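I opened this notebook page to keep a record of what I looked up, in the order in which I went through it. The coordinates come first, and my entries come after them.

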Amino acid sequence: DPSNTFLERSLGSNAFGAVGAERRVGLSFAYQSDKLNAAFGLFGSGEAVVRNATTPDESYGVNGRITWDPILDTGKVVHVGVSGYHTTNFPGNALTVSERPNVRVDDGRIVSAAIAGTNPAGGVPTGAKDANYVGAEALFIRGPFSIQGEYGHLAINRFGTAKTVSFDGFNVFGSWFLTGEARSVKNGVVDKLKPFVNFDPAKGSWGAVELAVRYDQLDLSDADLSPLQRKATAVTGGLNWYLNPNTRILFNYIRFKGTNSPLVVAPVAVNGTTAKGDAFATRLQFDF
């Protein structure tokens, strides 16, 4: 999304979105007004074919999101929203929930939890039956300052007597425009930023500069799935330079940690079960 403050969305947004809220083919309906916006849809699988011999039918689900902006003015915004989905029919009844450490380096996963499944012909299926997600969001803007937060809860129902598995994630971040611009909301989403003046050194104009910091957590621990704690946290500092409404340069510094992480380097007896790291990432972005 060209309006994202950081290079990557939060840990929970990516991990839970991959289960039933991203890149699905389907039909949706939306209601839009200045302050109240809603969208609902029925979706199948994504562009790729995910059916196999044990799961001949595609996955499907329903998604929805409602937002309300009781205060919506230039430089003054209060935004709240809720969202959710129900999805089912996973290939092979297997499901893995995982995410990168706020940066895409070799596709390494800072945290991961897998539910194995079987779907024998004429037999009793095991594994993930369906999944339900509920989320809440809030954003407060006051001039060049803003604070934004998001919480998500994913419950995965399993076949037979196996107990439901539940995961949680949240993030909160603050933003400050050194050059005085203010973020804005349009139709329930954060709108593209327009600098007061575009980058033009000949006129002494340097665009807009934003500082931001985010705390992010994704907890995939569940005693009914595994006795191990699987939790990832990340702190991201951002510096964004907006040259004009269509061009910006992003700099992110990320410090991350994951318990019982796939990123742990063997041998565990020496390196422990916690992966820690630091990353610096940057992007030159053109949006038309």
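This is a predicted model: local features need pLDDT of at least 70, side-chain atom pairs count only at pLDDT 80 or more; totals for chains, interfaces and linings use all residues.

I began with Arg-104 and Glu-8, whose side chains meet in a salt bridge with an N to O distance of 3.0 Å. This pair links distant parts of the chain, 96 residues apart, with Arg-104 in the loop between strand E5 (95–99) and strand E6 (111–115) and Glu-8 in the segment before helix H1 (11–20). I checked the accessibility of both partners: Arg-104 is exposed at a relative accessible area of 52%, whereas Glu-8 is buried because its value of 13% falls under the 20% cut-off.

Next I took Asp-287, which forms a salt bridge with Lys-192, the closest N and O atoms being 3.1 Å apart. Here too the pair links distant parts of the chain, since Asp-287 sits in the segment after strand E15 (274–286) and Lys-192 in the loop between strand E11 (189–190) and E12, 95 residues apart. Asp-287 is buried, with a relative accessible area of 17%, while Lys-192 counts as partly exposed at 31%.

The last pair I looked up was Arg-255 with Asp-278, where the side chains meet in a salt bridge at 2.7 Å, N to O. Arg-255 belongs to strand E14 (residues 247–259) and Asp-278 to strand E15, and the two residues are 23 residues apart. For Asp-278 I noted a relative accessibility of 46%, which counts as partly exposed.

I wanted to know what the side chain of Ser-226 reaches. Ser-226 lies in the loop between strand E12 (208–219) and strand E13 (231–244), and its side chain reaches the backbone nitrogen of Leu-228 at 3.1 Å. Although Ser-226 is in a loop, I found this residue buried, with a relative accessible area of 10%.

I looked up a nonpolar surface patch of about 660 Å², made by Phe-140, Ile-147, Tyr-151, Phe-170, Val-172, Val-213, Tyr-215 and Val-235. Strand E8 (145–158), strand E9 (165–177) and E12 each supply at least two residues of this patch. I also placed Val-235, which is in strand E13 and counts as partly exposed at 39% relative accessibility.

Key. Residues are numbered from 1 along each chain as its sequence is written. Side-chain values use heavy atoms; hydrogens and water are left out. Helices (H or I, at least four residues) and strands (E, at least two) are DSSP runs, numbered from the N terminus. Buried means under 20% relative accessible area, exposed over 50%, partly exposed in between (1.4 Å probe, protein chains only). A polar contact is a pair of N or O atoms within 3.5 Å; within protein, one must be able to donate a hydrogen and the other to accept it, and residues adjacent in sequence count only if both atoms are side-chain atoms. A salt bridge is a side-chain nitrogen of Lys or Arg within 4 Å of a carboxyl oxygen of Asp or Glu. Patches are made of residues with over 30% relative accessible area and no salt bridge: like charges are joined within 9 Å, nonpolar side chains (Val, Leu, Ile, Met, Phe, Trp, Tyr) within 5 Å. Accessible areas come from the Shrake-Rupley method with a 1.4 Å probe; for residues, only the protein chains shown count as cover.
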